[in-house]
Amino acid sequence: MKPYIFPPHDIAGLPVAGTDALFPVRRVYCVGRNYAGHAREMGSDPTREPPFFFCKPGDSGAVVPVPAQGVTELPYPPQTSNYHYECELVVAIGKGGSDIAVEDALAHVFGYAVGLDMTRRDLQGQMKDAGRPWEIGKAFDYSAPVGVIRRADEADAIERAAITLEVDGAVRQSSHITHLIWSISETIANLSTLFTLQPGDLIFSGTPEGVGAVTRGQTMVASIEGLSPITVKVV
Ligand code: MN
């Protein structure tokens, strides 16, 4: 093999419950407006139109592994004055495929984790209004904190779990995974018609209503029943 001009960058590795081995992240796919309450608060009508997707970088500059214990610092990003949290169930793909059937989809899941789809809402809004891509609003550095992955066979009640986000102890988001417009299986099936999924891919499944801004010094605790909560402080 030829040498590299400079060392290749590190990939993001997420902790996995019950092992010291890390889950190597490949791509980060995100579902837009997948809870009716959030679709309404963003000014659109919730529908069963096919889901839509956007991506974040999967590298170690964007994905922030959050351990089960302690407080992880999250740098406030540049060029925004409306930095939003979106608490989400993250699906970790363990087996690749394309055109995956809905009934086969869960066999492709390695496990689940709690994640935050951090968003520069002001920049996202400007890009939406201009009909331009969302990257500057969604795909910035440190934009994807993700907690410990729990293996799917140890998280069998996940599709009925409660999902909660607190800021400085006050509940801001509170819903259930049952309220997903597109279920985990349906999301995987649809996404796999557009991209060949590979082991290491993450899917942020969407956020419930109650999104809002955080500022430096505030601490968020994101929780999903059955998974390790994540605690991050904006610095
Ligand atoms: Mn989101």
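## A tour from the core to the manganese site

Start with the largest nonpolar core, which has 43 residues. Select Tyr112, Leu116, Met118, Ile188 and Met220, the residues with the most contacts inside it. A nonpolar core here is a set of buried Ala, Val, Leu, Ile, Met, Phe, Trp, Tyr and Cys residues joined through side-chain atoms within 4.5 Å. Buried means under 20% relative accessible area, exposed over 50%, partly exposed in between (1.4 Å probe, protein chains only). Now colour the elements that each supply at least two core residues: strands E3 (28-31), E7 (83-85), E8, E9 (109-116), E13 (162-167), E17 (219-224) and E18 (230-234), plus helix H4 (184-194). Helices (H or I, at least four residues) and strands (E, at least two) are DSSP runs, numbered from the N terminus.

This is a predicted model: local features need pLDDT of at least 70, side-chain atom pairs count only at pLDDT 80 or more, and totals for chains, interfaces and linings use all residues. Residues are numbered from 1 along each chain as its sequence is written, and side-chain values use heavy atoms, with hydrogens and water left out.

**Next, H4.** Its buried residues are Ile184, Ser185, Thr187, Ile188, Ala189, Leu191 and Ser192. They pack against E3, strand E4 (53-56), E8, E9 and strand E15 (202-204). Contact means heavy atoms within 4.5 Å.

**Then Met118.** Beyond residues up to four places away in sequence, methionine 118 touches Lys56, Leu74, Tyr83 and Met220, among others.

**Now the metal.** Select the manganese ion. Glu86 (OE), Glu88 (OE) and Asp117 (OD) coordinate it at 2.0 to 2.1 Å. Donors are N, O and S atoms within 2.8 Å of the metal (3.2 Å for Na, K and Ca); water is not among the atoms, so sites may look incomplete. The donor spacing in sequence is E-x1-E-x28-D. Glutamate 88 sits in strand E8 and aspartate 117 in the loop between E9 and strand E10 (119-120), 29 residues apart.

**Stay on Glu88.** Glutamate 88 is in strand E8 (residues 87-93). Glutamate 88 is buried yet has no salt bridge (a side-chain nitrogen of Lys or Arg within 4 Å of a carboxyl oxygen of Asp or Glu). Lysine 138, the nearest side chain of opposite charge, is 5.6 Å away; Lys and Arg count as positive and Asp and Glu as negative, while His and the chain ends are not counted. The glutamate 88 side chain reaches the backbone nitrogen of glycine 206 at 2.8 Å.

**Last stop, His38.** Find histidine 38 in helix H1 (residues 36-41). Histidine 38 is buried, with a relative accessible area of 5%. Its contacts outside four places in sequence include Glu86 and Thr207.

Definitions and conventions. Polar contact = N/O pair within 3.5 Å; in protein donor to acceptor, adjacent residues only side chain to side chain.
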